Structure formats: C-alpha cells, structure tokens
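Please examine the structure shown below before reading on. The paragraphs that follow lead through it one part at a time.

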Amino acid sequence: MPIIAVINQKGGAGKSTIAVHLARWLQKQNKSVLLVDADAQCSSSKWLSRLEKDVPWQIIQAPDALLDELPLLRESYNWVIADGPAALSETTRVLVLTADLVMVPCQPTGVDLESASDTVRLIQQAQRIRRGEPKAVMFVNRAIKGTKLKDEAIEVLRLMPNVIVLEDVLHQRQVIADCYGQNATVFDLSGSTAGIAKREIEQLFKKALEILND
Ligand SMILES: Nc1ncnc2c1ncn2[C@@H]1O[C@H](COP(=O)(O)OP(=O)(O)OP(=O)(O)O)[C@@H](O)[C@H]1O
Ligand SMILES: [Mg+2]
C-alpha cells in the first residue's frame, strides 16, 4: 500500500510534525499505519513512543536497509509514512525513489524557499527514472497569520517544476508547537485552538491524498 515520504533538506520545516500527525490521522480512520523514522534525530519515533495511542514505528535509516525493507513493509500496512532527515543524503534519495507520494513542507522564508529547489531537483531526478513517480506536493508550513509572506512563498514555490504546490497552508500555531512536549498530536487534544489546527491539518492531508489518488 502507499508509501508517503515527508522530506526537505532544511531543518525545522515541519517534516516530523507532518509525519507524526499524518500517521495518527490515518490511524484514527482505522487504517493500519507504520511510521518509518529515517532521521538520525529520531524525533518522530520518540514522539510516537510517548503517545497514549499506540502508533507503530520503526527506525530505519541506512539506505540499503530502506531499499530492502520498505517494499516489504508496504505489503504489511495500509500506509507507510517515512520521516526524512534534514539533508539531501542517500537516505532522502532512497525515500524519493521508493515513495508513491512525497510531501515537502517549506517555511515561508527566503532561505528555506531557495533551498527547496535542491529538494525539487532530487524529486525530478527520481521522476525521470521512474517515469513520473513519485507524485510530489509542496506546501507552506509555519505561515504567520496576517503577513503576505505566505502568498509570496506560494508564488515562489509555483515556479518549481514537477511538484504540485498546495493553496492550503499550515499556520504557525502554538498548539502544534506544544504537541511534542504534551506527548500528543492535535488529534488527541481538545479545545478550540486544537480544533482549528486539526481542521487545517486535515484539509491539507485530504488534498495530498486526493493528489496521490489522482
Ligand atoms: N505549524 C506549526 N506551528 C507551530 N510550530 C510548528 C509547526 N510546524 C512545526 N513546528 C515546530 O517547529 C519545530 C520544527 O518542526 P519539526 O521538528 O517537525 O521539523 P523537521 O523538519 O522535522 O526538523 P528536522 O529537520 O530538524 O528534523 C518543532 O519545534 C515543531 O514543534
Ligand atoms: Mg524531523
């Protein structure tokens, strides 16, 4: 079943946040889901290990191990979500060469947007080898409400070839930043701020899955 890899060479773009939330969101829909933590920092596996709900995870970082194991794991789960490292490493290459969909969160700052083109290049290389696969979606994460940066960022991302840039953005929200420390995802929290974040994230995930299934 599908493999979704969350990648971006830039640190702090929100890869682990997205990967953990996507895994938990799919699990809440009664899908069998595995998160593969391919980042040496192990943020997403640590995060999942502390959740009250049991979301399965495995740490697999070596490129060879990923190449061996991802094809087998996809047979055992409805969904495999891979959290990538903050590098254009062999590991990231393997994820792009194996995934059905890559999701690229990007912060709306000049330096992050500029370095996104390196990630896009890697995606294009894989698409040439794999006749168009993987599908790729980019989106702005950590957008600040009330600034124009978000729209400008979307315009810059739209110049990048072979990736679909989502209109939907994730805003910088304290409730999201607090999740790791609270051993939770927004899907496990109650309250109005969590509710707003949940809807925003869910909208983004639905759009990404539509593109995967297109
Ligand atoms: N939409 C958001 N609102 C608020 N905080 C966010 C949001 N997205 C991510 N963060 C916070 O930003 C920081 C970086 O996020 P995260 O660890 O998910 O990025 P990453 O791309 O996985 O980083 P790394 O490359 O270091 O693995 C974390 O503290 C996280 O809580
Ligand atoms: Mg991370």
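This is a predicted model: local features need pLDDT of at least 70, side-chain atom pairs count only at pLDDT 80 or more; totals for chains, interfaces and linings use all residues.

A crossing of two helices is called left-handed if the near helix is turned anticlockwise from the far one by less than a right angle, and right-handed if it is turned clockwise. With this definition in hand, one can turn to helices α3 and α4, whose crossing is right-handed.

Two packed helices are described by the angle between their axes and the distance between the axes. For α3, which covers residues 63-76, and α4, which covers residues 90-98, the axes come within 9 Å and cross at roughly 20 degrees. Because angles under 35 degrees count as roughly parallel, α3 is roughly parallel to α4. On the side of α3, the residues that make the contact are Pro63, Leu66, Leu67 and Leu70, and on the side of α4 they are Glu90, Thr91, Val94, Leu95 and Thr98. Sorted by class, the contact of α3 with α4 consists of six nonpolar, two polar and one charged residues.

Helix α4 also packs against α5. Here the angle is about 45 degrees, and the axes are 9 Å apart. How is α4 placed relative to α5, roughly parallel or oblique? Angles under 35 degrees count as roughly parallel and those from 65 to 115 as roughly perpendicular, and therefore α4 is oblique to α5. The crossing of α4 and α5 is right-handed. Thr92, Arg93, Val96 and Leu97 of α4 meet Leu122, Ile123 and Ala126 of α5 in this contact. The classes represented in the contact of α4 with α5 are five nonpolar, one polar and one charged residues.

Helix α5 itself spans residues 110-129, and Val111 belongs to it. In the loop between α5 and β6 lies Pro134. The peptide bond that leads from Glu133 to Pro134 is cis, with omega near -5 degrees.

A residue is buried if 20 or more other C-beta atoms lie within 10 Å of its own. Val36 has 29 of them, and so Val36 is buried. Leaving aside neighbours within four places in sequence, the residues in contact with Val36 are Gln58, Ile60, Val80 and Ala82. Val36 and Ile59 are 23 residues apart along the chain, while 5.7 Å separates their C-alpha atoms.

Strand β2 covers residues 33-37, and in the loop between β2 and α2 one finds Cys42. Although Cys42 is not a glycine, its phi is positive, at about 55 degrees. Cys42 has 16 other C-beta atoms within 10 Å and is therefore partly exposed. Helix α2, comprising residues 43-49, contains Lys46. Lys46 likewise counts as partly exposed, because 16 C-beta neighbours lie inside 10 Å. Between the C-alpha atoms of Lys46 and Trp57, which are eleven residues apart along the chain, the separation is 9.4 Å.

Another positive phi occurs at Asn162, a residue other than glycine, where the value is near 70 degrees. Asn162 is located in the loop between α6 (149-158) and β7 (164-165). With 14 C-beta neighbours inside 10 Å, Asn162 is partly exposed.

How many residues surround ligand 1? There are 19, and the closest are Lys15, Ser16, Thr17, Ala86 and Ala177. Three elements each supply at least two residues of the shell, namely α1 (15-28), β6 (135-143) and α7 (174-177). Helix α1 gives the most to the shell around ligand 1, with three residues. By class, the shell around ligand 1 is divided into six nonpolar, nine polar and four charged residues.

Definitions and conventions
Residues are numbered from 1 along each chain as its sequence is written. Chains are lettered from A and ligands numbered from 1 in the order in which they are written. Helices (H or I, at least four residues) and strands (E, at least two) are DSSP runs, numbered from the N terminus. A residue is buried if 20 or more other C-beta atoms lie within 10 Å of its own, exposed if 12 or fewer, and partly exposed in between; C-beta atoms are placed from the backbone. A residue is near a molecule or strand if its C-beta atom, placed from the backbone, lies within 6 Å of it. Ala, Val, Leu, Ile, Met, Phe, Trp, Tyr, Cys and Pro count as nonpolar, Asp, Glu, Lys and Arg as charged, and the others, Gly among them, as polar. Axes are lines fitted to C-alpha atoms, for helices over the stretch in contact, and angles run from 0 to 180 degrees between N-to-C directions. Angles under 35 degrees count as roughly parallel, over 145 as roughly antiparallel, 65 to 115 as roughly perpendicular and the rest as oblique. Two residues are in contact if their C-beta atoms, placed from the backbone, lie within 7 Å.
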